[in-house]
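Dear colleague,

Here is the structure I said I would hand over. My notes on it follow below.

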Amino acid sequence: MGSPGIAFPDAQSFVGMSFANENLSKQQAFEGIVGCSTALMETLDLVRTVAPTDSTVLIEGETGTGKEVIASAIHACSKRRDRAFIKLNCTAIPVGLLESELFGHEKGAFTGAIARKIGRFEAAHGGTLFLDEIGDIPLELQPKLLRVLQEGEFERLGSTQTQRVNVRLVAATNGDMGRLISEKRFRSDLYYRLNVFPISVPPLRDRAEDIPLLVTHFVAKYAARMQKVIERIRAEVMDTLTFYSWPGNIRELQNFIECSVILTSGSTLYCPLARLGSGTQVLWPEKPITLEDVNREHIRRTLQQTRGVIMGPNGAAARLGIKRSTLYARMRKLGISRSDKIS
């Protein structure tokens, strides 16, 4: 059957591993964030920078990248961390009820309103309100949202009495806000008010070196929950997981590992790789051996995609989410010459 493969260390050693030099409160703030990739570190640097302020933050990223976890970290690092952190997914609430969820209502404001109800803004007074999928806020509610962001005041549904709140807003979207604005489905003035401090969360394919750490973390989590002892994973399986594109990002990986743990009967993790689909896109089929190899190949492939262009909004540096000078430094360190740009 071959060698048993890679042994799993204690998954908890990877949680917040890059923050070993931070104080305990900072480690707790990043609890649940697993990884040490440059892309993730740059995102968390932005979290540290903006968290102590009261500025509005717009988190952008694909589905499943962990935008809610980033929002939670912003709150945990802020001066509001001892107050409420209220969450609302704007797509999970029927359009007709969303205004009441956000701003509350008075008794008799509509059929079924049998008592006064405070909304999420009032519940978050003094703390942080996280609005996920902000791009799905109906156009007719957007002026009221803009007002509470600018003036800190609103009226409950069915009331003429003005309520004042002190709330720090963190919003998130996986949509193309520019397209929504051009299609007149999202107000540009509201977008600019939300986009005070944008943070982009990298997709999992751009932080492949974190995948073994995430696999270890999720195996430990679900094995403990299911009272199983899983000690290793075959090297070739870990390679496949590392170089798979994960279109559903961390959420897809987490669900896949949970399924794998359920199916595992021994001490070696069994992964149903066929469930990733017959059209599985595995990145870099040559299977680099070290994390340095992973970084080298990722940069080379990005340079190929940009036809060697490094600068500009569509250049390799922007796609990698790093500064031009940082990219040049990494190319020198990894031995990537200008002749390597196009293969």
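The 13 residues of α2 should span 18 Å at 1.5 Å a residue, and the end C-alpha atoms of α2 are 19 Å apart, which agrees. The expected span here is 1.5 Å times one less than the number of residues in the helix. Helices (H or I, at least four residues) and strands (E, at least two) are DSSP runs, numbered from the N terminus.

This is a predicted model, in which local features need pLDDT of at least 70 and side-chain atom pairs count only at pLDDT 80 or more, while totals for chains, interfaces and linings use all residues. Residues are numbered from 1 along each chain as its sequence is written, and side-chain values use heavy atoms, with hydrogens and water left out.

To stay with α2: its buried residues are A39, L40, M41, T43, L44, V47, R48 and V50. Buried means under 20% relative accessible area, exposed over 50%, and partly exposed in between (1.4 Å probe, protein chains only). These buried residues of α2 pack against β2 (57-60), α3 (67-76), β7 (168-173) and β8 (197-200), where contact means heavy atoms within 4.5 Å.

The loop between α1 (24-29) and α2 (38-50) holds V34. V34 counts as buried because its relative accessibility is 3%. The C-alpha atoms of V34 and D210 are separated by 7.4 Å, although the two residues are 176 apart along the chain.

Next, the pair α9 and α10. Their axes come within 9 Å and cross at roughly 115°; axes are lines fitted to C-alpha atoms, for helices over the stretch in contact, and angles run from 0 to 180 degrees between N-to-C directions. α9 and α10 are therefore roughly perpendicular to each other (65 to 115 degrees; under 35 counts as roughly parallel, over 145 as roughly antiparallel, and the rest as oblique). In the contact, I211, P212 and V215 of α9 meet M238, L241 and T242 of α10. The residues of this contact divide into five nonpolar, one polar and no charged. Ala, Val, Leu, Ile, Met, Phe, Trp, Tyr, Cys and Pro count as nonpolar, Asp, Glu, Lys and Arg as charged, and the others, Gly among them, as polar.

Finally, two residues with positive phi. Q227, which is not a glycine, has phi near 55° and lies in the loop between α9 (211-225) and β9 (232-233). W246, also not a glycine, has a phi of about 45° and sits in the loop between α10 (235-243) and α11 (249-263). Q227 counts as exposed, at 76% relative accessibility, whereas W246 counts as buried, at 0%.

Regards
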